[in-house]
Amino acid sequence: MNTNRTISPNVGSDGVAAVLKRIIAENGRRHVRGYAFAITCLVIVASTTAFTAWVMESVVNEAFANKNADVVWLICGSIFAAFVLRGFATYGQAVTLSMIGNNIVATYQRRLFAHLMTLSLGYFTEARSSRLAAQISENVNGIRDVLNLTVTSTARDLLTLVALIGVMIAKDPVLTAIVFLVAPPVLYALRYISKRLRVATRESVLLNSHVLGSMQESVQGIAIVKAFTMEDELARKVEGIITAAEARANRIARLSERTSPLTESFAGLAISSVLAYAAFQSIYGDVLPGAFFSFVTALLMAYDPAKRLAKLQVQMERAVVNARMIYEILDMETHQRDIPGAKNLVVTDARIEFRAVKFSYANGEGVLKGVDFVAEGGQTTALVGPSGAGKSTVISLVPRFYDPADGQILIDGQDIAGVTKASLRKHLAYVSQQPYLFEGTIRDNIRYGRPDATDAEIEAAARLAYAHDFVLAQPQGYDTPVGENGVTLSGGQRQRLSIARALVRNAPILLLDEATSALDTESEAAVQKALEEAMSGRTVIVIAHRLSTIVKADKIIVMLDGKIAEQGTHEALAQRRDGLYARLNNLQAHPAASDAI
Ligand SMILES: Nc1ncnc2c1ncn2[C@@H]1O[C@H](COP(=O)(O)OP(=O)(O)OP(=O)(O)O)[C@@H](O)[C@H]1O
Ligand SMILES: [Mg+2]
């Protein structure tokens, strides 16, 4: 299996700024008004904060130097008002920004789902679905973090910081310059930390999704796990990944918290230098204390936002790794796009023709090695042959789950590579070898065959598929929920529902991959009889292991190792002395050997 795409810890070349730019370009316009309101609130927060520092000078000078009580009252009142205002503005921006963030997360979830639905089957056989799901849920939160961090922290903290620095410069430019001496080394160190964090974060997301994926897989296969007492074996396997994930998380914690000793030390240096300078100035010089108080207030107030901003790049790095992983999925080419100018498929006789079709799955080995046959319109063509011969592969090429490497598939003379996939699939109904049901009621599951089917049509299809009686025996009849992938139903019942789903579609072409294999002989005979009715007038390609079910087929194609070994009617093939079909037929005719294939 090629898992490179999902687990390579490759770092991606886009920088934080590029990813941010893209997120904003894609989402900014929709939220202009929200952002404008939030930024207004943020400006209020920043200016009230700066105002508090600014008036310190007046408080101190009026109180200590001029001893003017009235002015002190006024100033203290205004400080109180500033705090109240700041409270409301903080509330306004936080709520607005969270709502925008939630909306953007929802938008990405929608986009991801829509995009995943367009990717070809090949992608999903390569990527482990449970791991993919876990990865995506982690990644989407990454986008939310990017937004919350940029807008909240950057806007609020940066605005506040700028305003406070303004106050500092106004009150004492020399002291401000001293403070700024510590900036370059801090910035340099942060850069270094965030680069290392980038790699660790990506590895961590992948390991986490691996842990969740393994758990989900084990839970889904719980019956097999217990039957084969695989618990210890699986625990050992998961243990390794969990330990690695834990170690990685610890590493991330150490790296990102390394900013604290760094910023604290430098801040201590800056503050003590400032205090020393100011103290000496007041000891040996002759300055009023007010400006100095204002300056120190601004400096102390600036400390928190500055610290958060210093950490921002590091946190941002983490969030951006997630965001970037989402874009990797969103940017993944949808293979098998309709070719430019693709026409709609026009079905008249529904005659299907395979011309020298070659095909191999992603791992290389040739599975179909030149397959030529015709499934005549309105007739039933059966595919038989040993397991692994390529029968299911032949059927999966008709709906274009995969495209042939070579050769052509024609329906009524139109190459299916040149028609739109939607029009192609509209004319097909398909029953897969493993029946799949979706969470929902029985009725919902049949209706997926054709969303506009009436209840009467759904029941008619269920009757044809020999499902009506068991459905009525369910506690809520057609409205009984089937659970995840129909766990509450038996294998044969699931199979009959998926036949009903195909029948209700009422399509001219019917593809049946072992559609009745899970049924007992009696129900199989009954479904078979019903299917014969449904098959008449349609082009049917049917795969069967039990040859008894296809003796009446208009044509039988025997496949062996990716090629067609023989074809003809049951009578013709059964008479060939040395033929593969004759041999299989003989084996199945004698019950003692009927399990041989
Ligand atoms: N998704 C896949 N990726 C890679 N190889 C695959 C995939 N599906 C099938 N194969 C391989 O292709 C070959 C043909 O498989 P296919 O499912 O078409 O056989 P089949 O004739 O339907 O067998 P069965 O009767 O057991 O259903 C097999 O060797 C199988 O290993
Ligand atoms: Mg098969």
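Helices (H or I, at least four residues) and strands (E, at least two) are DSSP runs, numbered from the N terminus. On that basis, Tyr466 sits in the loop between α16 (455-464) and α17 (468-473). The model is predicted.

**Largest pocket**

- The largest pocket holds about 2,600 Å³ of space.
- Its lining consists of 45 residues, and Leu121, Phe401, Tyr430, Tyr436 and Phe438 are the ones nearest the centre.
- By class, the lining of the largest pocket comprises 21 nonpolar, 16 polar and 8 charged residues.
- Elements that each contribute at least two residues to this lining include the helices α4 (69-118), α6 (129-171) and α8 (183-220), as well as β6 (428-431).

**Second largest pocket**

- The volume of the second largest pocket is about 680 Å³.
- This pocket is lined by 25 residues, with Leu161, Ala183, Ala306, Lys307 and Ala310 closest to its centre.
- Two or more lining residues come from each of α6, α7 (173-180), α8, α11 (259-284) and α12 (289-330).
- Helix α12 provides the largest share of the lining, 9 residues.
- The lining of the second largest pocket divides into 22 nonpolar, 2 polar and 1 charged residues.

**Positive phi angles**

- Tyr466 is not a glycine, yet its phi is positive, at about 65°.
- With a relative accessible area of 38%, Tyr466 is partly exposed, because that class lies between the limits of under 20% for buried and over 50% for exposed.
- Asn506, also a residue other than glycine, has a positive phi near 60°.
- Asn506 belongs to the loop between α18 and β7 (509-513).

**Salt bridges**

- There are 23 salt bridges in the structure.
- One of them pairs Asp561 with Lys369, with 3.2 Å between the closest N and O atoms.
- This pair links distant parts of the chain, 192 residues apart: Asp561 is in the loop between β9 (555-560) and β10 (563-568), and Lys369 is in strand β2 (residues 366-375).
- Asp561 is partly exposed at a relative accessible area of 49%, and Lys369 is partly exposed at 35%.
- Lys552 and Glu532 form a salt bridge through their side chains, at 3.5 Å from N to O.
- Because Lys552 lies in the loop between β8 (539-543) and β9 while Glu532 lies in helix α19 (residues 521-535), the pair ties together parts 20 residues apart in sequence.
- Lys552 is exposed, at 65% relative accessible area, whereas Glu532 is partly exposed, at 31%.
- Glu566 and Arg576 form another salt bridge, in which the closest N and O atoms are 3.4 Å apart.
- Glu566 is buried, with a relative accessible area of 7%, whereas Arg576 is partly exposed, with 39%.
- Arg22, Glu26, Arg111 and Asp331 are joined into one network by salt bridges that share partners.

**Nonpolar surface patch**

- Ile39, Val43 and Leu159 make a nonpolar surface patch of about 220 Å².
- Ile39 is part of helix α3 (residues 32-66).

Key. Residues are numbered from 1 along each chain as its sequence is written. Chains are lettered from A and ligands numbered from 1 in the order in which they are written. This is a predicted model: local features need pLDDT of at least 70, side-chain atom pairs count only at pLDDT 80 or more; totals for chains, interfaces and linings use all residues. Side-chain values use heavy atoms; hydrogens and water are left out. Patches are made of residues with over 30% relative accessible area and no salt bridge: like charges are joined within 9 Å, nonpolar side chains (Val, Leu, Ile, Met, Phe, Trp, Tyr) within 5 Å. Accessible areas come from the Shrake-Rupley method with a 1.4 Å probe; for residues, only the protein chains shown count as cover. A salt bridge is a side-chain nitrogen of Lys or Arg within 4 Å of a carboxyl oxygen of Asp or Glu. On a 1 Å grid over the protein atoms alone, a cavity is a set of points where a 1.4 Å probe fits but cannot get out, and a pocket is an open set with protein on both sides within 12 Å along at least five of seven lines; lining residues have an atom within 4 Å of a point. Grid points are joined across faces, edges and corners, and a volume is the space filled by probe spheres set on the points. Ala, Val, Leu, Ile, Met, Phe, Trp, Tyr, Cys and Pro count as nonpolar, Asp, Glu, Lys and Arg as charged, and the others, Gly among them, as polar. Buried means under 20% relative accessible area, exposed over 50%, partly exposed in between (1.4 Å probe, protein chains only).
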